[in-house]
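I opened this entry to record what I looked up in the structure. The notes follow the order of the look-ups.

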Amino acid sequence: MEKIPMTPAGIKALEDELRTLRSVERPGVIKAIAEAREHGDLSENAEYHAARERQSFIEGRIAELEDVISRADVIDITKLSGSTIRFGATVTLADEDTDEEVTYQIVGPHEANLEAGRISIASPLAKALIGKASGDTAEVAAPGGSRSYEVVKVRFI
């Protein structure tokens, strides 16, 4: 059983989602199924079929979250320090072609969100960055061709 690295904020978000699914979504869909059953013929009852489909999705998501949470390896990044990039690091990079700077935090795969500046440790960019330090260059194979980034800053916040 492979452990999944995760930040404390990431595990909390998954636990909150699981709690909502169990206490709000699941009872709501059970009620919707009961109401749809009261309408009679189930073979032509669209509300019933939609509620059953929603129930299937909720139960699948609950099982997935339980699995991920049980395998989570929570790493408190506030206790990390150093100058080399590893899980939890917040990294500022400069694209060597455009000089455009971007900042990403390396997090677990279930908490990655590019718009929020969090990339998965399993992503090609994060894999290329692991072990690098300020001033190093990382080559990343991207869909549009190879990209080269210079590590500007590494910090743990």
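I took helices (H or I, at least four residues) and strands (E, at least two) as DSSP runs, numbered from the N terminus. On that basis I counted 3 helices and 7 strands in the protein. The model is a predicted one.

**Entry 1: order and overall form.** I read the elements from the N terminus on and got β-α-α-β-β-β-β-α-β-β. The C-alpha trace spans about 70 × 35 × 25 Å along its principal axes.

Entry 2: Of the 157 residues, I found 35% counted as buried. I noted an accessible surface of about 9,300 Å² for the protein, with 51% of it belonging to carbon and sulfur atoms. Among contacts with a separation of 6 or more, 55% are between residues 24 or more positions apart.

**Entry 3: the largest pocket.** Rolling a probe the size of a water molecule over the atoms shows where empty space is left. I looked up the largest pocket and noted a volume of about 330 Å³. Which residues lie nearest its centre? I listed Tyr-104, Leu-114, Ile-119, Leu-125 and Tyr-149, out of 20 residues in the lining. By class, I recorded 12 nonpolar, 4 polar and 4 charged residues in that lining. I also checked which elements supply at least two lining residues each: strand E4 (101-107), strand E5 (118-120), helix H3 (124-129), strand E6 (137-142) and strand E7 (145-155).

**Entry 4: Asp-99.** I placed Asp-99 in the loop between strand E3 (90-95) and E4. Its phi is near 60°, which is positive in a residue other than glycine. Most residues other than glycine have a negative phi. Is Asp-99 buried or exposed? With exposed set at over 50% relative accessible area, Asp-99 counts as exposed because its value is 61%.

**Entry 5: Ile-69.** I found Ile-69 in helix H2 (residues 46-70). What is Ile-69 in contact with, leaving aside its neighbours within four places in sequence? I wrote down Ile-11, Leu-14, Glu-15 and Leu-18. I also looked up the pair Ile-69 and Glu-115, which are 46 residues apart in sequence. Their C-alpha to C-alpha distance is 24 Å.

Methods. Residues numbered from 1 in each chain as written. Predicted model: local features only at pLDDT ≥ 70, side-chain atom pairs only at ≥ 80, totals over all residues. Heavy atoms only, no water. 1 Å grid on protein atoms, 1.4 Å probe; cavity = no way out; pocket = protein on both sides within 12 Å on 5 of 7 lines; lining within 4 Å. Points joined across faces, edges and corners; volume = space filled by probe spheres on them. Nonpolar A, V, L, I, M, F, W, Y, C, P; charged D, E, K, R; others polar. Buried < 20%, exposed > 50% of the residue type's maximum accessible area, 1.4 Å probe, protein only. Contact = heavy atoms within 4.5 Å. Areas by Shrake-Rupley, 256 points an atom, 1.4 Å probe, with all protein chains shown as cover.
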